[in-house]
Amino acid sequence: MTNCTFFNTGDGVDIFGDENIVSNNSFERIFGWAVKVSAGASRNKIVDNHIIDGGLGGIVVQGNNLGSITQDCEDNEIYNNTIEGFEIVGDWYNADGGVSWDATAAGRNAWQSSTTIGISIDLATATPACSVVRTIVRNNVVDGQGNGNFGIRHSTHLGGTEGHIIEGNRVTGCVTNNY
């Protein structure tokens, strides 16, 4: 998938397969994740994308499971992406102009009680645990613009992960900037 524009959507791209390339795309005002690599997706490349105002976050590689079937995510690459701003602030409008998240009525921003992340390497929270292994996160620019919790986060709810390479990234404007 290349040279596409995603604007004001719930999620951008969900990848559940292997050996895909998501490159040179523009994502703006995405309520959830701009790019999600999940459910056993392996050997994918997320490269040279520009993400502005993601809701929950920019890019996530997430091990997942389907009942008793484990689906590990292996050998994915995330590089040369720019992520500017995440965590929805204020109201969220549908494509038709209607308000789908009213921050005033709710008394908080949409993701204020959740952890917002520029780039996340994460395990599934259900059992059995699924691994995320050998993810490369290189030469990305992440700017939380003062709202995001983490620039780049590696989280292991259950089980473990191994072999990640996190290098050459520039992270600013997040509550916690480092990996």
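Q: How many aromatic pairs does the count come to here, and how is such a pair of rings described?
A: The count comes to one aromatic pair, in a model that is predicted. In general, a pair of aromatic rings is described by the distance of the centres and the angle of the planes. In this structure the pair is formed by Phe6 and Phe27, whose ring centres are 4.7 Å apart and whose planes make an angle of 5°, and the pair is stacked.

Q: Where do Phe6 and Phe27 lie?
A: Phe6 belongs to strand 1 (residues 5-9) and Phe27 to strand 4 (residues 26-30), so this pair ties together parts of the chain that are 21 residues apart in sequence.

Q: Is Phe6 buried or exposed, and is Phe27 buried or exposed?
A: A residue counts as buried when its relative accessible area is under 20%. Phe6 has a relative accessibility of 16% and therefore counts as buried, and Phe27, with a relative accessible area of 0%, is buried as well.

Q: Which residue lies over the face of Phe150?
A: That residue is Arg153, which is placed over the face of the Phe150 ring at 4.8 Å from the ring centre.

Q: Which residue forms a salt bridge with Arg43, the closest N and O atoms being 3.1 Å apart?
A: The partner of Arg43 in this salt bridge is Glu19. Arg43 sits in the loop between strand 5 and strand 6 (45-47), and Glu19 in the loop between strand 2 and strand 3 (21-23), so parts of the chain that are 24 residues apart in sequence are tied together. Arg43 is partly exposed, with a relative accessibility of 38%, while Glu19 is exposed, with a relative accessible area of 57%. Asp18, Glu19 and Arg43 are also linked in a network of salt bridges.

Q: What meets the side chain of Arg138 in a salt bridge?
A: The side chain of Glu167 does, with an N to O distance of 2.7 Å. This pair links distant parts of the chain, 29 residues apart, since Arg138 is in strand 18 (residues 136-138) and Glu167 in strand 21 (residues 165-167). Both count as partly exposed, Arg138 at 28% relative accessibility and Glu167 at 38%.

Q: How is a nonpolar core to be understood, and how many residues has the largest nonpolar core?
A: In soluble globular proteins, nonpolar side chains tend to be buried together. Here the largest nonpolar core has 26 residues, and those with the most contacts inside it are Ile15, Phe27, Val35, Ile46, Ile59 and Ile119. Among the elements that give two or more residues to this core are strand 2, strand 4, strand 8 (57-62) and strand 16 (117-122), and strand 5 provides the largest share, three residues.

Q: Which residues does Ile119 touch, not counting residues up to four places away in sequence?
A: Beyond those places in sequence, the residues that Ile119 touches include Ile59, Ile78, Ile83, Val137, Val142 and Ile152, and also Asn140, Gly151 and Arg153.

Terms used. Residues numbered from 1 in each chain as written. Predicted model: local features only at pLDDT ≥ 70, side-chain atom pairs only at ≥ 80, totals over all residues. Heavy atoms only, no water. Phe/Tyr/Trp six-rings, centres within 6.5 Å; stacked < 30°, edge-to-face > 60°. Helix = DSSP H or I, 4+ residues; strand = E, 2+ residues; numbered from the N terminus. Buried < 20%, exposed > 50% of the residue type's maximum accessible area, 1.4 Å probe, protein only. Lys NZ or Arg CZ within 6 Å of the ring centre and 35° of its normal. Salt bridge = Lys/Arg side-chain N within 4 Å of Asp/Glu carboxyl O. Core = buried A, V, L, I, M, F, W, Y, C linked by side-chain atoms within 4.5 Å. Contact = heavy atoms within 4.5 Å.
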